[in-house]
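Biologist: Please give me a close look at the ligand site. Then take me through some other spots. Keep it simple, as I am new to this.

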Amino acid sequence: MTIASERTPVLELRNITLHYGSVEALHDVSIKSYAGEVIGLVGDNGAGKSSLIKVISGVNTADSGEVIVDGVRRHWRSPHDSMAAGIETLYQDSGLAPDLSIGSNIFLGREKRRSGLLGRLGFVDQRAMEKEALEQLARVGITIPATQRTVSELSGGQRQAVAIGRAIAWAKHVIVLDEPTNHLGARQSAEVLNVIKSAREQGLSVIFISHSLPHVLEVTDRIIVLRLGRVVRDAPTSEFTVESLLGTITGLNESTGS
Ligand SMILES: Nc1ncnc2c1ncn2[C@@H]1O[C@H](COP(=O)(O)OP(=O)(O)OP(=O)(O)O)[C@@H](O)[C@H]1O
Ligand SMILES: [Mg+2]
């Protein structure tokens with residue numbers, strides 16, 4: 001803890017408050033995330049997890065509070081700004097384009113930024129793109145048999161793998177995953193957890209949102225618990241069990257929690 005507090009967080013949120021009309025979704029939320037660390041963000045339905053990650057990514061603008069990346073206060077005008085700053089977000093509904101190929105999905109919206117590499121003679125080099133997409137996915141341990149196939153032909157688990165692979169392939173500093181193991185079978189979930197570990201090994205800061213407490217306990221270094229829009233606990237994963245975590249999430253073990 002002393003070592004961590006001497007480092008500059010790669011991402012810091014300070015005193016974030018957010019309303020949707022009269023609903024207060026986040027109240028005075030402060031968190032820090034560091035390179036090479038996986039944070040679990042947990043809480044009941046409606047606790048504010050997705051709202052918080054949308055503040056990180058620039059979908060939502062906080063009513064008050066600060067977003068600080070690498071020690072510099074930032075103001076996102078759109079999600080594009082956070083992406084340009086090296087923050088990739090996988091939303092709860094993954095947002096792949098079903099009718100496009102896997103390669104096209106990996107490069108969706110990036111064709112311009114990669115134009116030196118792929119935009120030869122003014123057109124996108126489809127073959128080079130598919131090849132590089134495969135390599136990007138393989139780099140994080142995801143293998144898909146035929147990348148030419150469109151996303152609509154993939155299983156739910158494969159789609160999720162592509163969405164995560166895309167996020168990790170582009171993330172420079174932070175990757176935020178909102179329920180990436182939702183609807184996945186045991187084997188695919190295990191693969192996603194391995195991909196998260198590989199992102200940590202690459203030095204990324206990972207924020208992992210999940211209702212699966214065993215998954216959170218397996219893969220994270222630190223857990224932040226949100227309840228009704230407030231941080232109620234922020235502690236090393238080693239301090240939790242499934243039972244104590246459940247108690248902290250629901251507020252039923254207040255006497256034993258901190
Ligand atoms: N677009 C919106 N408009 C109005 N209220 C919203 C909107 N999105 C979320 N809320 C409200 O804000 C609060 C936090 O919701 P949020 O989606 O952040 O929760 P969550 O922790 O992600 O829940 P879940 O586990 O169900 O995904 C809830 O009270 C929810 O009803
Ligand atoms: Mg959510």
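Modeller: Helices (H or I, at least four residues) and strands (E, at least two) are DSSP runs, numbered from the N terminus. This is a predicted model: local features need pLDDT of at least 70, side-chain atom pairs count only at pLDDT 80 or more, and totals for chains, interfaces and linings use all residues. Residues are numbered from 1 along each chain as its sequence is written, chains are lettered from A and ligands numbered from 1 in the order in which they are written, and side-chain values use heavy atoms, without hydrogens or water.

Now the ligand. There are 14 residues around ligand 1, where a residue is near if one of its heavy atoms lies within 4 Å. Of these, N45, G46, K49, S51 and H211 come nearest. S51 uses its side chain, with a polar atom 2.6 Å from an oxygen atom of the ligand. Alone, ligand 1 exposes 630 Å², and the protein buries 61% of that. Accessible areas come from the Shrake-Rupley method with a 1.4 Å probe; for residues, only the protein chains shown count as cover.

Which elements build the shell? Both β2 (23–33) and α2 (49–57) supply at least two residues. α2 gives the most, with 3 residues.

Stay with α2. Of its 9 residues, 8 are buried, so this helix is largely enclosed by the rest of the structure. Buried means under 20% relative accessible area, exposed over 50%, and partly exposed in between (1.4 Å probe, protein chains only). The buried residues of α2 are K49, S50, S51, L52, I53, V55, I56 and S57. Two of these names, K49 and S51, came up among the residues nearest the ligand. After α2 comes G58, with a positive phi near 90°.

β2 has its own detail. D28 lies in this strand. Its phi is near 55°, a positive value in a residue other than glycine. D28 counts as partly exposed because its relative accessibility is 43%.

E179 also has a positive phi, of about 55°, and is not a glycine. This residue sits in the loop between β7 (174–178) and α8 (186–201). E179 is buried because its relative accessible area is 8%.

Another loop residue is T237, between β10 (230–236) and α10 (242–250). T237 is buried, since its relative accessible area is 9%. A polar atom of its side chain lies 3.0 Å from the backbone nitrogen of R222. Setting aside residues up to four places away in sequence, T237 touches V216, L217, T220, D221, R222 and I223; contact means heavy atoms within 4.5 Å.

Next, helix α4. N105 lies in this helix. At 0% relative accessibility, N105 counts as buried. Beyond its neighbours within four places in sequence, N105 is in contact with L96, A97, L100, V151 and R166. I102 belongs to α4 too, which spans residues 102–106. I102 counts as buried, at 1% relative accessibility. I102 and T150 are 48 residues apart in sequence, yet their C-alpha atoms are 5.9 Å apart in space.

Then there is α6, with 14 residues (126–139). From first C-alpha to last, α6 reaches 20 Å, close to the 20 Å expected at 1.5 Å a residue; the expected span is 1.5 Å times one less than the number of residues. Its buried residues are M129, E130, E132, A133, Q136 and L137. Just after α6, G141 takes a positive phi of about 85°.

Finally, step back to the whole protein. It has 10 helices and 10 strands. Buried residues make up 48% of its 258 residues. Of the contacts with a separation of 6 or more, 65% join residues 24 or more positions apart. The protein exposes about 12,400 Å², and carbon and sulfur atoms supply 52% of that area.

Note on methods:
Polar contact = N/O pair within 3.5 Å; in protein donor to acceptor, adjacent residues only side chain to side chain.
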